[in-house]
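Hi everyone, thanks for coming along this morning. I'd like to walk you through one model, so let me put it up on the screen.

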Amino acid sequence: MKKPSRSIPLWSILLLQLVMLCHGQTASLVIGEDLPSPLPIADRKIAFLFDDGPLPGNTATILDALKKTGMKATFSVVGKNVQASPELARRIVAEGHELANQTWSHPDLSKLSPEQILSELQKAEEVIHATTGVHARFFRPPDGQLSPENAELIKSAGYLILMPTFDSGDWRCPPAGMVRKAILDGVTPGAMILAHDSFPKSVAEMPGILEELSKRGFESLTVTDLLLQAVAQN
Ligand SMILES: [Zn+2]
């Protein structure tokens, strides 16, 4: 889709999208792509996105580190992982973090029919809601891959599509310290940072990364709260 025109204030677009979602209507923005990147935020507010969980061990390590630093994040969960670790999914919500729907089984969406994609979405929605009581308002495409046709399909199902604006590169499994360096060197206010629950080496570095970010005055929020900050400031 076209980028929102600069003459329309950012806050009005965002607010409209959030209100439409609350009323179960179709949203049209791809968060992270259709908005300025990073979001125009004056202070050191960011949003961490954690993909592919919840997973035993790793997700608890991340949650402990977030709690210790007083930060929040958005966890893009896979339905079958929620089914396998329901207590972790409940802990994510209980500690004030946000859930996004990342399908039931993390498939390659380009190989699925529209019906199969909607079924992946629905199955994940059902287990997320049954487990946590929450309806996810964001959809996170597995591996960030989404054709324009499938993006339209998912928007018509009532989700905002969630894309990061900053890639930590943890999925490349780089040598120790590289994820930390990438994040600490590259982070800017308003960034939405992609990381994963699923790479134990990077997860082990996350407590130190969050602590250093906190020392530097950065605070991670849920994506919704980061968007609301952008609304409030623009
Ligand atoms: Zn993934």
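Let me start with a question: does Q102 count as buried or exposed, going by its C-beta neighbours inside 10 Å? Q102 counts as buried, because it has 29 C-beta neighbours inside 10 Å. The cut-offs here are 20 or more other C-beta atoms within 10 Å of a residue's own for buried, 12 or fewer for exposed, and partly exposed in between, with C-beta atoms placed from the backbone.

Two housekeeping points before I go on. This is a predicted model, in which local features need pLDDT of at least 70 and side-chain atom pairs count only at pLDDT 80 or more, while totals for chains, interfaces and linings use all residues. Residues are numbered from 1 along each chain as its sequence is written.

Back to Q102, then. Q102 sits in the loop between β4 (98–101) and α5 (114–132). When I say helix or strand, I mean DSSP runs numbered from the N terminus: H or I with at least four residues for helices, E with at least two for strands. Setting aside neighbours within four places in sequence, Q102 is in contact with D51, S76, V77, V78, R140 and P142. Contact means that the C-beta atoms of two residues, placed from the backbone, lie within 7 Å. Q102 and F138 are 36 residues apart in sequence, and their C-alpha atoms are 8.7 Å apart in space.

Now let's step back to the whole protein. There are 9 helices and 9 strands, and of the 234 residues, 45% count as buried. Among contacts with a separation of 6 or more, 80% come from residues 24 or more positions apart.

D51, one of the contacts of Q102, brings us to strand β2, residues 45–51. Here 7 of the 7 residues are buried, so β2 is largely enclosed by the rest of the structure. K45, A47, L49 and D51 point one way from the strand, while I46, F48 and F50 point the other way.

Who are the partners of β2? Strands pair if DSSP finds at least two bridges between them. With β8 (residues 192–196), β2 pairs in the parallel sense over 5 bridges, and L49 has L194 as its bridge partner there. With β3 (residues 73–77), β2 also runs parallel, joined by 4 bridges, and D51 stands opposite S76. Then there is β9 (residues 219–220), paired with β2 in the parallel sense over 2 bridges, where I46 stands opposite S220.

The largest nonpolar core has 61 residues, and L49, F138, L162 and I193 touch the most other members. A nonpolar core is a set of buried Ala, Val, Leu, Ile, Met, Phe, Trp, Tyr and Cys residues joined through C-beta atoms within 7 Å. Beyond four places in sequence, the contacts of L49 include L162 and I193, along with T74 and S76.

On to the helices. Helix α2 (residues 58–69) and helix α8 (residues 200–215) pack at an angle of about 5°, with their axes 9 Å apart. That makes α2 roughly parallel to α8, a label that covers angles under 35 degrees. The axes are lines fitted to C-alpha atoms over the stretch in contact, and angles run from 0 to 180 degrees between N-to-C directions. On the α2 side we find N58, T61, I62, A65, L66 and T69, and these meet P200, V203, M206, P207, L210, E211 and S214 in α8. By class, that contact has 8 nonpolar, 4 polar and 1 charged residues.

Let me finish with some backbone details in the loops. In the loop between β2 and α2 we have P54, and a cis peptide bond joins G53 to P54, with omega about -5°.

H106 lies in the loop between β4 and α5. Phi of H106 is near 55°, a positive value in a residue other than glycine. H106 counts as buried because it has 20 C-beta neighbours inside 10 Å.

D143, in the loop between β5 (138–139) and α6 (148–156), also has a phi near 55°. D143 is partly exposed, with 14 other C-beta atoms within 10 Å.

That's my tour; over to you for questions.

Terms used: Parallel < 35°, antiparallel > 145°, perpendicular 65-115°, else oblique. Nonpolar A, V, L, I, M, F, W, Y, C, P; charged D, E, K, R; others polar.
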